[in-house]
Amino acid sequence: LEEGLYCIGCGALMQVKDPNGVGYLPMSALRKALASEQLLCQRCFRLRHYNEIQPVDLTDDDFAKLLHQVSENHALIVYVVDLFDFSGSTIPGLPRFVGKDNPILVVANKVDLLPKSLKEHKLKAWVQGQLKEQGINAVGVELTSAAHPKNLDAILDKIDELRAGRDVYVVGTTNVGKSTFINQIIKSKTGVQELITTSRFPGTTLDQIAIPLDDGKALIDTPGIIKKDQYAHWVSNKDLKYVLPKAEIKARTYQLNPEQTLFFGGLARFDLVSGASDDSKTAVTAYFENNLKIHRTKQAGASEFFEKHRGDLLSPAPKDENVQLAKYEFKISEKMDLVYAGLGFITLPAGIHVQAYAPEGVGVFVRKAMI
Ligand code: GDP
């Protein structure tokens, strides 16, 4: 009975044997689902109706295997990245993964989260520069907001032009909005809404979904690669909203004296150790989810302050109470972004000395300023 049936939510092959595996549905529920033509695995059903996620056993090896076939095919690679969490979108060794000769078109998503004043050509150039550092020579960069795409037709035309009769593989890490993007394509091509499960929870696309193209080729959605260092893995599900912004990020600028500290909820900390000059304040601009509270305090005593107030004044805090914040130090010689991967970034002026704190394992680094 269950041979060859696929979940319309995540694309996984349905099965009735392993409750912890992908595509599971109890036999009784499967019968009902077949009768109602709503073929969703238990996981997608719960996600859709109760907004709750169930973990499944899918190893990194399974992901690697699923992606390996991409490199053996002549195809256009559509690499979806998240502009707000650019480093979290990075797939290390992408060209090797997808085959050295396959062209890569970058769809830079969630442009709606960035200030509207940001110029498109500047942002594209910034994306190209960041890609170069990752060893990726993209044939093009398209900016979009998959949640409300205005330029979907233009992107689809571009894909059609670049694929030149080949298959298209859409790749990306989890949470970049890949499912949302594919859903929009399906909607525009077939009028079916919300066919693929999208959600705030990382790691929800488990298997491949192929959308047939006119010439017998297909656009194939590959599973999202889970990045373990994303902040989403540190906070509880109810606190994900502070980590995954939904609306345009408002720049928050602080005029800091040396030895002042900013806390970003209980998730990250920033110290201005010394400014560019002793007698003037230093302006730093923070880009984080708008509801994430930023608390200013003195650097002296900030560690005790954190221990005392994590989870109340400084909330949300990491869901694991034993997690400590690791310290990083930077001397800033030109205008740079200090990035707390997946949480946000702070634009810093030249000539200052700073410290950054985040849960161990979270990427903390500086990059060329985006804004
Ligand atoms: P996937 O794991 O890459 O398939 O990501 P999803 O499509 O499930 O999206 C992950 C999260 O990002 C969800 O909460 C989406 O609502 C959100 N999202 C997707 N596209 C956009 C976008 O263009 N703008 C914003 N602000 N959020 C988006």
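Select Asp337 first: it stands opposite Arg367 in strand 16. Strands here are DSSP runs of E, at least two residues long, and helices are runs of H or I, at least four residues long, both numbered from the N terminus. This is a predicted model: local features need pLDDT of at least 70, side-chain atom pairs count only at pLDDT 80 or more, and totals for chains, interfaces and linings use all residues. Residues are numbered from 1 along each chain as its sequence is written.

**Stop 1: the sheet around your first pick**

Show strand 13 (336-340) and strand 16 (364-368). They pair in the antiparallel sense over 5 bridges. Two strands count as paired if DSSP finds at least two bridges between them. Strands of a sheet pair through backbone hydrogen bonds, either parallel or antiparallel.

Now widen the selection. An open sheet of 5 strands runs in the order 7-10-14-13-16, with antiparallel pairing. Look at its edges, strand 7 (252-256) and strand 16. Each has a single partner strand, so one side of each is left without a neighbour in the sheet. From one strand to the next, the twist averages 25°. Such angles run from 0 to 180 degrees between N-to-C directions, and the axes are lines fitted to C-alpha atoms, for helices over the stretch in contact.

**Stop 2**

Select strand 8 (260-264). Is it covered on one face or both? Both faces are covered. Gln260, Leu262 and Phe264 are buried on one side, and Thr261 and Phe263 on the other. A residue is buried if 20 or more other C-beta atoms lie within 10 Å of its own, exposed if 12 or fewer, and partly exposed in between, with C-beta atoms placed from the backbone.

Strand 8 and strand 9 pair in the antiparallel sense over 5 bridges. Click Phe263: opposite stands Arg269 in strand 9. The two strands form a hairpin with 3 residues between them. Gly265, in the turn, has a positive phi of about 55°.

Thr261 has Thr297 in strand 11 as its bridge partner.

Zoom out to the open sheet of 5 strands in the order 11-8-9-15-12, again with antiparallel pairing. Strand 11 and strand 12 (325-332) stand at the edges. Each of these has a single partner strand, so one side of each is left without a neighbour in the sheet. Neighbouring strands of this sheet are turned by 20° against each other on average, direction ignored.

Helix 8 lies across strand 8, strand 9 and strand 11, running at about 135° to strand 11.

**Stop 3: the cores**

Which residues have the most contacts inside the largest nonpolar core? Pick Tyr231, Phe264, Leu338, Tyr340, Leu343 and Ala358. This core has 42 residues. A nonpolar core is a set of buried Ala, Val, Leu, Ile, Met, Phe, Trp, Tyr and Cys residues joined through C-beta atoms within 7 Å. The largest share, 5 residues, comes from strand 15.

Center on Leu338. Leu338 touches Phe330, Phe345, Ile346, Leu348, Val354, Ala356 and Val366, not counting residues up to four places away in sequence. Touching means C-beta atoms, placed from the backbone, within 7 Å. Apart from this core lies another, of 36 residues, among them Val78, Tyr169, Val170 and Leu219.

**Stop 4: helix 5**

Move to helix 5 (residues 120-133). Which of its residues are buried? Trp126, Val127, Gln130 and Leu131 are. They cover an arc of only 135° around the axis, which puts them on the same side of helix 5. The arc is taken from the directions from the helix axis to the C-beta atoms. On the other side, His121, Lys122, Ala125, Gly129 and Lys132 are exposed. Strand 2 (104-109), strand 3 (140-143) and strand 16 are among the elements that cover the buried residues. End at Gly135, which follows helix 5 and has a positive phi, near 75°.

**Last view: the whole protein**

Show everything: 8 helices and 16 strands. Of the 371 residues, 41% count as buried.

Terms used: Contact = placed C-beta atoms within 7 Å. Expected span 1.5 Å × (residues − 1).
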